[in-house]
Amino acid sequence: MTRPSLLVVTPLVPWPVRDGHTLRVANLLEALAPAWDVTLIAPAGPAPPGVAEAIAVSLPQVSTVPWRYDASPLGEALDRMLARRRFDRALMFAGAEALGFNRRDLPPAVADLIDCNALETSRGAPASSARCASRARFP
């Protein structure tokens with residue numbers, strides 16, 4: 001029996017693990033790999049164990065907040081992959097989720113929006129006494 005196919009898109013190199021976001025992505029991909037045929041679209045770098053196919057893209061700057069970087073290389077790789085192959089499901093990690101909006105060629109998808117986006121966004125917000133106090137706890 002063939003495994004169902006899963007297309008995964010992330011704006012960050014998920015391997016090797018270096019922080020909470022990459023830990024989440026790498027562990028989730030490793031857990032899904034035995035049951036799914038995983039194709040990963042991500043910035044150039046090593047693929048986590050169990051990924052059947054890795055499509056490397058060049059991103060000059062990456063972020064899990066989509067308006068903070070040019071996602072067009074990820075979008076172009078997604079276009080090429082969906083023109084080439086049909087997938088059973090898709091998993092769009094934070095920072096890539098907007099690439100799936102209003103696409104008729106994308107299979108049913110899950111957008112994995114993680115809570116670190118709130119922290120990352122707050123780091124770019126104007127300083128306030130409350131923000132400065134909380135930032136001391138979360139550098």
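Guide: Two strands are said to pair if DSSP finds at least two bridges between them. Helices (H or I, at least four residues) and strands (E, at least two) are DSSP runs, numbered from the N terminus. This is a predicted model, in which local features need pLDDT of at least 70 and side-chain atom pairs count only at pLDDT 80 or more, while totals for chains, interfaces and linings use all residues. Residues are numbered from 1 along each chain as its sequence is written, and side-chain values use heavy atoms, with hydrogens and water left out.

Visitor: Which residue in β2 does Leu6 stand opposite?

Guide: Strand β1 (residues 5–9) pairs with strand β2 (residues 37–43) in the parallel sense, over 5 bridges. Within this pairing, the residue of β2 opposite Leu6 is Val38.

Visitor: In what order do the 5 strands of the open sheet stand?

Guide: The pairing in the sheet is parallel. β3 (53–57) and β5 (109–112) each have a single partner strand, so one side of each is left without a neighbour in the sheet. The order is therefore β3-β2-β1-β4-β5.

Visitor: What angle does the direction of helix α1 make with that of β4?

Guide: Axes are lines fitted to C-alpha atoms, for helices over the stretch in contact (heavy atoms within 4.5 Å), and angles run from 0 to 180 degrees between N-to-C directions. Helix α1 (residues 20–32) packs on the sheet and touches β1, β2, β4 (89–93) and β5. Its direction and that of β4 make an angle of about 165°.

Visitor: Against which strands do the buried residues of α2 pack?

Guide: Buried means under 20% relative accessible area, exposed over 50%, and partly exposed in between (1.4 Å probe, protein chains only). In helix α2 (residues 72–84), the buried residues are Pro73, Leu74, Gly75, Ala77, Leu78, Met81 and Leu82. They pack against β1, β2, β3 and β4.
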